[in-house]
Amino acid sequence: MLQEEIVDFLKNVIPFNLLSGETLGKMAADIAMDYSPRGEEILQQDGPPSEFLGIIKKGGVKVFQALDNDEEVVLDLRGEGEHFGMLSILSGDRSRNNVVAIEDTICYKVPRKTVLALLQENHEVNQYFIKSFFVNLLDKTYEETRKAYTGGTTGEQLLFSTAVRDIVRAEPRTVALDTTIQQAAADMAAQRIGSLVVVDSAGQPLGMVTDRDFREKVVAVARDVAAPVREIMSAPLISVDAEDNCFEALMKMIRHRIHHILILENGRLLGLLTNHDFMLLQGSSPTVLVKEIAHVRTIAELQGTAPKFYKAVSSLLRHGARPHNITGMITELLEKICNTVVDIFEKDNGPGPVPYSLFFFGAGGRHELTLSFGVEMGIVHQDAASPDAAKETAAYFNRLAETLNSAMQNCRINGAGQCLQAANIRAASAWREGFKKWGTGAGTGLDAGFFDMRAVRGEKARVDSLREYLEKRTGQSRGLMEAVAAETLHERPPLGFFKNFVVEKGGGHKNELDLYRRGILPLVGCARIFSLAKGVARGSTLGRLKELTSRHGFKVAEDMGQAFGYLNSQLIRSQLHQAEEGLTPDNFINPYSLTNFERKTLKESFQLTARLYDEIEGDYWSGKVLP
Amino acid sequence: MTSFFQKILGRPRADLPDWLQKQQELSRRLNVKEGIEETEFVAFDTELTGLDFKRDAIISIGAVKLRGTTIYPGRTFYRLVKPECELKHRSVVVHEITHTDLECAEDMLNVLGDFVTFIGGAVLIGHFVHIDLNFVNRPLQEAFGVSLYNRALDTSTLHDWLAANDSRFARHYQGMTLQSDLFSMARKYGIDGGKAHNAFSDAYITAQLFQRFVPFLAGCGIKNLKELLKIARP
């Protein structure tokens, strides 16, 4: 009876699916079934060794280690069909990790004796466990992180290699716009689902209602349940394309703080993804850490956020994240943190005296921040009505800048300098005046990073219009274009033809190479110049390169993309390594610590930049204009 | 008159069959100071021809063993009983056990003997367990003048107690159900009862209900069996 249920279950669980029905039947006779409510500790680090192998039938557990300073390192999240406790069964001395239920969890427990006998009698199962362990152990070292990443075939890359279409299960339930709230709730209850997609008469999805909407918009405000569901639906719909990968879907969900996301295929509703689907997909620790960072609520909580970034990134690398996924996540989280800080500031100081937008420029604007952070921000605000008001406005933004800078400092994610400098807080008109001077001579404060400005708070159009103004002017003014080219060309690639690397000559980073400034930034600059010339209006370097290839037949752009990805991954790995050594990650790498192969690839990237520079010098720079 | 004394005093030991004798000794040795996690439990359920204690009887008994809150799917019990009275139409519809099924069923006392051996000295768990206990004890009384000595606890009482005394419980499961029947509860607490509605699957659901409830007891100061028996009294 129950044993048959167990056998049926195990038939779908690796590696037990390798066993014959008879063996499974025998095994099932020894298996116990346990329930742990969410939050219950199942195994305790350094406690007695596990007496059983836990196989999760339903729910999920978190496997983590507690460090001496009370910090938690999440090693893994395990979901249905996955197991825990094997390490301590084999070692027999103590539990290595804490295992805690993160959902109400039902698990089958295979007694230690049965497991050991199974391992002895069944070679394949033995191989599986020995291997998965070995991999897990090595995973923890940085070296293996690297291998797993460059090898790229560890099979653990689901989050990044799986298109959302592959994990969409059922078509979502829909409800018509005019259905009453009560009827919609009754439908959900009857079908035991947590959400409905609201569609118009043509079946086009318009919005969504979830449990939360009923809680917040109906019950909490005592709304009439006879009202149409249209009144409480969440719109506009947040969706991803079926071809996008799961990571992108997850990022969107985090960004918008939602638990359900729609999957569209050519504008047609294909399905619905929930948090739970991601748990099922693989329950990886990056998601946990990403969420943890995203949910910070007070400035005090930000203290020591940086190490969480390191862990998240390390885990993302292990799961096969591409560099742009990682920089994207770092940027996204910094945006979240900035917004949280400003939220708190506004709560204490009231909203801004004039409407304003906060924006990132430079790497942050391009979604390209690495673990050295160094986010650059600016504020564009409406002109104050009177000189007095202007004074008050300036004071307000100064306080805001102070708060933001000290908060960033506090969580050690400010990079070297101040994130929000006083010079970068201006009224829209003042910004325009400043930009107008660019390209007319030296000392105008030209910074090509402003071509990448992107609003992270407040009205987006206020920032976009400034950037568009810059772009338009570049098209009209040869001087500005030349000045941008000059600024980019100013930083030469650190490589004479086939000679040795040029490294820093003195200071704290003697014999090291600023990989960002001398390797990545030149590529970014080249991509920006080509894009400006061709009118490509994409926000990220990779996006620009992609469009240059696809729309303008730029063959070299593909190489640039590769080099850009390589340099970024090299930088991020080096930063992780620094973090692991207890150092604050910066942009410096020691070329002598690289393997021959890595050095060669690095050289090639620089040579590519050198060729691009030649081209730009020929086409866009007369040699007369200074930045 | 004799039967009255027999009822009070019980029959002399020698008259009891071996299985009953052993069981009576076992259950008397139960240590109620024991922690809940160390205690042997048996969750069980019976299907009846009806609820009339005088006229109706057991059709089947299902049971599953637990130690603490751990269910042992390898240690289960399910048997059909030859009815002593006519199957009623209504119960046939509910249990889908028909007379043909019952032809291969065994005598009540045989089944009860095996059941009693199965449960040993374990504490019994049931949902509205007094009903099941009555129907198990009646034939034992009639034949041997004894009842089960096993202690028993009721998952519906336990649930009511948690509802009244532990806000964490209600919070954890996002509210509680007011319907106390087994299936409403199974639904509420996410228990998959399987497709069959028979004594065994119901016993299995009861065991899982017990699993859902017990983890919250420690927080309410219920640490040993004695206290558990007090709050989950049938």
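**Contacts, pairs and the interface**

Mentor: Let us begin with one residue of chain B: leaving aside residues up to four places away in sequence, Asn137(B) is in contact with Val146(B), Ser147(B) and Leu148(B). Please keep in mind throughout that this is a predicted model.

Trainee: Where is the place of Asn137(B)?

Mentor: Asn137(B) sits in helix α6 of chain B, which covers residues 129-144.

Trainee: And does Asn137(B) count as buried or exposed?

Mentor: Asn137(B) counts as buried, because its relative accessibility is 15% and the cut-off for buried is under 20%.

Trainee: Switching to charges, how many salt bridges does the structure hold over all chains?

Mentor: Over all chains there are 28 salt bridges. One of them joins the side chains of Lys11(A) and Asp8(A), at 4.0 Å from N to O. Lys11(A) has a relative accessible area of 43% and is therefore partly exposed, and Asp8(A), at 47%, is partly exposed as well.

Trainee: What about Arg517(A), which side chain does it meet in a salt bridge?

Mentor: Arg517(A) meets Asp514(A), with 3.5 Å between N and O. Here the two partners fall into separate classes: Arg517(A) is partly exposed at 31% relative accessibility, whereas Asp514(A) is buried at 9%.

Trainee: Which residues do salt bridges with shared partners join into one network?

Mentor: That network consists of Arg366(A), Glu368(A), Asp452(A), Arg528(A) and Arg544(A). Within it, Arg366(A) and Glu368(A) form a salt bridge whose closest N and O atoms are 2.7 Å apart, and both of these residues are buried.

Trainee: His367(A) comes up on my list too; what is its phi near?

Mentor: The phi of His367(A) is near 65°, which is a positive value in a residue other than glycine. Most residues other than glycine have a negative phi. His367(A) belongs to the loop between β15 (356-361) and β16 (376-381) of chain A, and a relative accessible area of 26% makes His367(A) partly exposed.

Trainee: And for Phe128(B), what is phi near there?

Mentor: For Phe128(B), phi is near 55°, again a positive value in a residue that is not glycine. Phe128(B) lies in the loop between β4 (123-126) and α6 of chain B, and at 29% relative accessibility Phe128(B) is partly exposed.

Trainee: Now the rings, please: how many aromatic pairs are there over all chains?

Mentor: The structure holds 29 aromatic pairs over all chains. Among them is the tilted pair of Trp438(A) and Phe450(A), with 6.0 Å from centre to centre and 55° between the planes. Both residues lie in the loop between α16 (428-437) and β18 (454-457) of chain A, twelve residues apart, and both are buried.

Trainee: What about Phe169(B) and Tyr189(B), how far is it from centre to centre?

Mentor: The centres of Phe169(B) and Tyr189(B) are 5.7 Å apart and the planes make an angle of 45°, so that this pair also counts as tilted. Phe169(B) is in helix α8 (residues 167-172) of chain B, and Tyr189(B), 20 residues away, is in the loop between α9 (182-188) and α10 (199-213). Phe169(B) is buried at 0% relative accessibility, and Tyr189(B) is buried with a relative accessible area of 4%.

Trainee: Back in chain A, which residues form one aromatic cluster?

Mentor: Phe359(A), Phe361(A), Trp431(A), Phe435(A), Trp438(A), Phe450(A) and Phe451(A) form that cluster. One of its members, Trp431(A), has Arg426(A) lying over its face, at 4.4 Å from the ring centre. Elsewhere, Arg432(A) lies over the face of Tyr469(A), at 5.2 Å from the ring centre.

Trainee: Last topic: what is the area buried between chain B and chain A?

Mentor: It is about 1700 Å², and carbon and sulfur atoms give 58% of that area. Pro73(B), His172(B) and Tyr204(B) supply 33% of what chain B buries against chain A, more than any other three residues. The contact takes 19 residues from chain B and 18 residues from chain A.

Trainee: How many salt bridges and polar contacts are counted across it?

Mentor: The count of salt bridges between chain B and chain A is zero, while seven residue pairs are in polar contact across the interface. On the side of chain B that touches chain A, β3 (70-80) and α10 are the elements that give two or more residues, and β3(B) gives the most, with seven residues.

Methods
Residues numbered from 1 in each chain as written. Chains lettered and ligands numbered in written order. Predicted model: local features only at pLDDT ≥ 70, side-chain atom pairs only at ≥ 80, totals over all residues. Heavy atoms only, no water. Helix = DSSP H or I, 4+ residues; strand = E, 2+ residues; numbered from the N terminus. Buried < 20%, exposed > 50% of the residue type's maximum accessible area, 1.4 Å probe, protein only. Contact = heavy atoms within 4.5 Å. Phe/Tyr/Trp six-rings, centres within 6.5 Å; stacked < 30°, edge-to-face > 60°. Lys NZ or Arg CZ within 6 Å of the ring centre and 35° of its normal. Buried area = accessible area lost by both parts, 1.4 Å probe. Polar contact = N/O pair within 3.5 Å; in protein donor to acceptor, adjacent residues only side chain to side chain.
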